[in-house]
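Have a look at the picture first, then read on.

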Amino acid sequence: DLTLPEAYFASLGFSDEELNRVNSKYGKRLDFDVERKIKPLLRWFSDLGMTALEVRKSVVRCPKIFDVDLEKVSKPVVLWLKDLGMDDSQMKRAIVGCPS
């Protein structure tokens with residue numbers, strides 16, 4: 001049986017292979033709160049202009065992104081990098097490559 005986060009990711013089009021890779025890289029089965037942890041991060045990725053495919057790649061490559069506090073770490077780092085001159089395209093490439 002899928003955990004609630006796995007079922008949510010499956011509903012977004014993640015394949016069984018992708019879910020297995022996420023769990024393998026994370027080191028355990030995903031058990032995050034979908035409403036408080038997963039949806040806000042995925043919404044933020046979308047706000048940054050990431051496509052559904054880019055979001056999937058990002059989560060599969062580096063699922064530990066869910067361990068990072070969105071408001072206290074991720075958003076301030078992105079703002080800092082933008083202040084340093086990184087454009088949206090560069091930002092998306094960095095996040096898709098491995099966002100943590």
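This is a predicted model: local features need pLDDT of at least 70, side-chain atom pairs count only at pLDDT 80 or more; totals for chains, interfaces and linings use all residues.

Residues are numbered from 1 along each chain as its sequence is written, and side-chain values use heavy atoms, with hydrogens and water left out.

**Overall fold**
- The protein has six helices and zero strands, where helices (H or I, at least four residues) and strands (E, at least two) are DSSP runs numbered from the N terminus.
- Its radius of gyration is 13 Å, close to the 13 Å that the globule rule gives for 100 residues, so the protein is as compact as a globular protein of that length.
- That radius is taken over C-alpha atoms, and the globule rule is 2.2 Å times the number of residues to the power 0.38.
- Along its principal axes, the C-alpha trace spans about 45 × 25 × 20 Å.
- Take the contacts (heavy atoms within 4.5 Å) between residues at least 6 apart in sequence: 73% of them join residues at least 24 apart.

**Surface and charge**
- The protein exposes about 6000 Å², and carbon and sulfur atoms supply 51% of that; the areas come from the Shrake-Rupley method with a 1.4 Å probe, and for residues only the protein chains shown count as cover.
- Of the 100 residues, 33% count as buried; that means under 20% relative accessible area, while exposed is over 50% and partly exposed is in between (1.4 Å probe, protein chains only).
- The 17 positive and 16 negative charges have mean positions 2 Å apart.
- Lys and Arg count as positive and Asp and Glu as negative, leaving out His and the chain ends, and each charge is placed at NZ of Lys, CZ of Arg, CG of Asp or CD of Glu.

**The core**
- The largest nonpolar core has 25 residues, and Phe-9, Phe-45, Val-59 and Phe-66 have the most contacts inside it.
- Two or more residues of this core come from each of α2 (16-26), α3 (34-47), α4, α5 (70-83) and α6 (88-97).
- Helix α3 gives the most, with six residues.
- A nonpolar core here is a set of buried Ala, Val, Leu, Ile, Met, Phe, Trp, Tyr and Cys residues joined through side-chain atoms within 4.5 Å.

**Val-59, an inside residue**
- Val-59 sits in helix α4 (residues 52-61) and is buried, with a relative accessible area of 0%.
- Skipping neighbours within four places in sequence, Val-59 is in contact with Phe-9, Phe-14, Val-22, Leu-42 and Phe-66.
- Tyr-26 is 33 residues from Val-59 along the chain, and their C-alpha atoms are separated by 10 Å.

**Residues with more to show**
- Leu-79 belongs to helix α5 and is exposed, at 55% relative accessible area.
- Leu-79 is 31 residues from Leu-48 in sequence, and 11 Å away in space, C-alpha to C-alpha.
- Leu-2 lies in the segment before α1 (4-11), and counts as exposed because its relative accessibility is 51%.
- Apart from neighbours within four places in sequence, Leu-2 is in contact with Ala-7, Ala-10, Leu-19 and Arg-29.
- Lys-39 is in helix α3 and counts as partly exposed, at 24% relative accessibility.
- Not counting residues up to four places away in sequence, Lys-39 touches Tyr-8 and Val-34.
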